[in-house]
Amino acid sequence: MSLSGTSERSVPATKIEITVSCRNLLDLDTFSKSDPMVVLYTQSRASQEWREFGRTEVIDNTLNPDFVRKFVLDYFFEEKQNLRFDVQRRLQNQHLQTGFPGTSVPGPGRGDRRPGQPRRTTPHDIATMQLCANKLDKKDFFGKSDPFLVFYRSNEDGTFTICHKTEVVKNTLNPVWQPFSIPVRALCNGDYDRTVKIDVYDWDRDGSHDFIGEFTTSYRELSKAQNQFTVYEVLNPRKKCKKKKYVNSGTVTLLSFSVDSEFTFVDYIKGGTQLNFTVAIDFTASNGNPLQPTSLHYMSPYQLSAYAMALKAVGEIIQDYDSDKLFPAYGFGAKLPPEGRISHQFPLNNNDEDPNCAGIEGVLESYFQSLRTVQLYGPTYFAPVINQVARAAAKISDGSQYYVLLIITDGVISDMTQTKEAIVSASSLPMSIIIVGVGPAMFEAMEELDGDDVRVSSRGRYAERDIVQFVPFRDYVDRSGNQVLSMARLAKDVLAEIPEQLLSYMRTRDIQPRPPPPANPNPTPAPEQP
């Protein structure tokens, strides 16, 4: 099975193309080999119901089919998207029967289906262009026009879909619009000869913009402007019908046109980039006594605490992007036995030499064990664990590893100055920080660290990238008490920025994805652990 992906700035999801191959299927026919096909099912997150998404063609008389028909799905990094592949065979009466045990499984790449040779995808193309106009019709009574352009992509049914709108240039009949960029796929959907319609309007404050005229082109024609100017006549069909001497309503000139390649998150994952996940959990006394039901750490026999749900929600998504499934896990703000030493960075598994836990279940087990052995204390320091992960991230700058630190806290932070300095320093490294706030606190300090509105700074130095994402867990709790939905909502929001943060690091370092490995690659060396 091979995956290829493209993404668009104007759409919310990356498109994943799945190609299916099978090897060594069971021969269930008597006088010849089986005639297999594959049916893909997707699972609803809310109802857990499996629904058929599509099916391949039937290939006659083979146990090792390479199917031509592909599945194209929306891929969301921040969601757990279960897929099920049923391999079926055609019987003599043309009916299809599921006939190959072990092939109906959730998720790609398991069972008796062997992953096929991955194909190198073409990077996503971005077109950048600039246009100007000359002698447009005057539409305003007291002044000249305020023109802008609207781009439309034609659809298969003859309708048009808006795909870009330029800025308004005020009070001129000869506007020069700023250069803009648009995904080629949004412009023509891969068909270079597909009609692109461009309307010219005069902007009005009340929204009733006046139509000046239109012209049509195509991506192929636009691309000719890489070598020469292209001039289009702006025509108004109504005026053309009414006035015999009508020539046009002005002209629009394509001044420049260029195409650049932009890689997607999927390209880097296919090329072998690993996400290394580290957990840091708040063990300060403000969380309450873990033996009491009012504690944020309370270990109820009936349901997970907010800490455990946040850890499980985020970890179960990220773990699929880490080949060894070994996760360093730390606690901070506790007194450790036997001497009662206060630690702001202690391994949950009580192993200073190897803080790795096996899978998310291993992290949860170590977390529960620590709750039984340490004393919740304080203060709350983030900087030590941020610096710990940053030291590991600083050792690998070739794009093969990207570090994600999850901090779960009740929001009372004691080292804001040092934490800001640690974040600013880490912003130049292949690293992101997720902070999940649990409990009723207001979390003003966490909002400040998020940096969405104002970039985090320290001593006059600003963060190179926005690498922190903060969310309060209470915003995602399902009112009906459904913990699965609560965790899915949390993961969707808290992980949504990771792909773009990874891409921003790769872009600033001019790191391109590596070619996809062969079908049976050599084991990936263990990453540097924080």
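Reader: Why is phenylalanine 265 counted as buried?

Author: In this predicted model, phenylalanine 265 has a relative accessibility of 4%. Buried means under 20%, so phenylalanine 265 counts as buried.

Reader: What makes the pair of phenylalanine 265 and tyrosine 321 tilted?

Author: The structure holds 15 aromatic pairs. In the pair of phenylalanine 265 and tyrosine 321, the ring centres lie 6.2 Å apart and the planes stand at 55°.

Reader: Why is tyrosine 321 counted as buried?

Author: Tyrosine 321 has 15% relative accessibility. The cut-off is under 20%, so tyrosine 321 counts as buried.

Reader: Why is the pair of phenylalanine 443 and phenylalanine 470 called tilted?

Author: The centres of these two rings are 5.4 Å apart and their planes are at 55°. Stacked requires under 30 degrees and edge-to-face over 60, so the pair is tilted. Phenylalanine 443 is in the loop between strand 24 (431–437) and helix 9 (444–450), and phenylalanine 470 is in strand 27 (residues 468–472).

Reader: How do you know whether phenylalanine 443 is buried or exposed?

Author: The relative accessible area of phenylalanine 443 is 4%. Because buried means under 20%, phenylalanine 443 is buried.

Key: Residues numbered from 1 in each chain as written. Predicted model: local features only at pLDDT ≥ 70, side-chain atom pairs only at ≥ 80, totals over all residues. Heavy atoms only, no water. Phe/Tyr/Trp six-rings, centres within 6.5 Å; stacked < 30°, edge-to-face > 60°. Buried < 20%, exposed > 50% of the residue type's maximum accessible area, 1.4 Å probe, protein only. Helix = DSSP H or I, 4+ residues; strand = E, 2+ residues; numbered from the N terminus.
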